[in-house]
Amino acid sequence: MTTTRTMPMARESGPPSARWITVQFVLAGIVWGASFLFMKVALTGISPAQVAWTRILLGALTLGALVLLRREALSRSLRVWGHLTVLGLTFCVVPFLLFSWAQQHVSSGVASIFNATTPIMTAIMAWLVFRVEKLKLLQVLGIGVGILGVIVIIAPWQGISLDGSLVAELAILGATASYGFSFAYMRRFVSNTGMSALAFTFGYIAMAGVVMTLLTPFLVLTPVQLDLPIIVSLVLLGCLGTGIAYVWNQNTVRAWGPTRASTVTYITPVVGVILGILILGETISWNEPLGALVVFLGILLAQDRLRVGRRGHAEGATAAAPAPSISR
């Protein structure tokens, strides 16, 4: 059996304080909520593939610089790096491409609302695909409630036509399903790599960067029109949204456990909708926030968080992967 070997860990500065963990939790939610605005602005001058390519490469470079500065230890196991490559594809490359393409056809606010389905997708993947969780009847009901919330957001009573917006909404659901697959995959295969939160996050984003670099001739060699807002949006999307915020979230998971940390999902759509309205002049229909509330109710049920007097069973767990929330 292959064993995971790691280099000696760099000197530890001790776990972050409870207050600093709370700050990181809030900052990650704000940055990920703003990421939908950044994508929308960037798409005014570059292609969806170029947006995904840029954010992944900038995220990898940012985290790589931090790994070097902090002298973080990386795994020497080829098996671990194989798993990190899978995560790079399913947690970064595929969903980032889908989100970037979809936001050509839907508002940034709607994209941020659909992103809130990630915990529902994670529960489905962990339960049905990887069999790493056994759900109670109430939790299965929560998945059903979450699906109902998605239907409310799509509003089929207004008529169904395979136009750009519907296909884009389905593409975003494909992206959140890819996130859900990734979280369940992490729990199943890389629950303990011996790496720090920063090193682990750098590992899969770096492998995503390798994949995107190999795809450069096929995806990104097209004309661009850059201005200051686009450049600033890309830098913030890459360095913060695909770099630092992932480390903040990872630290929150290790301090709070995945269930409590995943409530960052409640922050991102609020930030995304508000920024879309204030900065881009977007509008939302009554069914979209209502559907989001139904999705949130489904998340609470699926995570078994509505049982009075009980803490979620996952609270005490620690994970080597970020919580089911995400980006972005």
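A salt bridge is a side-chain nitrogen of Lys or Arg within 4 Å of a carboxyl oxygen of Asp or Glu. By that rule, the structure holds two salt bridges. They come up later in the tour.

This is a predicted model, where local features need pLDDT of at least 70, side-chain atom pairs count only at pLDDT 80 or more, and totals for chains, interfaces and linings use all residues. Residues are numbered from 1 along each chain as its sequence is written, and side-chain values use heavy atoms, with hydrogens and water left out.

**The whole chain**

Show the protein chain as a cartoon. You will find 13 helices and zero strands. Helices (H or I, at least four residues) and strands (E, at least two) are DSSP runs, numbered from the N terminus. Of the 328 residues, 56% count as buried. Buried means under 20% relative accessible area, exposed over 50%, and partly exposed in between (1.4 Å probe, protein chains only).

**Stop 1: Gln-103**

Select Gln-103, in the loop between α3 (78-102) and α4 (108-115). Is Gln-103 buried or exposed? Gln-103 is buried, with a relative accessible area of 1%. Its side chain reaches the backbone oxygen of Phe-36 at 3.0 Å. That is a polar contact: a pair of N or O atoms within 3.5 Å, where, within protein, one must be able to donate a hydrogen and the other to accept it, and residues adjacent in sequence count only if both atoms are side-chain atoms. Leaving aside residues up to four places away in sequence, Gln-103 touches Phe-36, Met-39, Lys-40, Leu-43, Ser-108 and Ala-111. Contact here means heavy atoms within 4.5 Å.

**Stop 2: the salt bridges**

Select Glu-72 and Arg-70. They form a salt bridge, with the closest N and O atoms 3.0 Å apart. Glu-72 is buried, at a relative accessible area of 13%.

Next, select Lys-136 and Asp-304. In this salt bridge the closest N and O atoms are 3.4 Å apart. Lys-136 lies in the loop between α5 (118-129) and α6 (137-154), and Asp-304 in the segment after α13 (287-302), so the pair ties together parts that are 168 residues apart in sequence. Lys-136 is partly exposed, with a relative accessible area of 37%. Asp-304 counts as buried, at 5%.

**Stop 3: helix α10**

Select residues 228-256, helix α10. Begin at its start: a side-chain oxygen of Asp-227 reaches to within 3.0 Å of the backbone nitrogen of Ile-230. Move along to Ala-245, where α10 bends by about 35°. The bend at a residue is the angle between axes fitted to the seven residues ending there and the seven starting there. Just after α10, Gly-257 takes a positive phi of about 90°.

**Stop 4: a nonpolar patch**

Select Val-270, Ile-274, Ile-277, Leu-278, Ile-279, Leu-280 and Ile-284. Together they form a nonpolar surface patch with about 620 Å² of accessible area. Patches are made of residues with over 30% relative accessible area and no salt bridge: like charges are joined within 9 Å, nonpolar side chains (Val, Leu, Ile, Met, Phe, Trp, Tyr) within 5 Å. Zoom in on Leu-278, in helix α12 (residues 268-280). Leu-278 is exposed, with a relative accessible area of 67%.

How values were computed. Accessible areas come from the Shrake-Rupley method with a 1.4 Å probe; for residues, only the protein chains shown count as cover.
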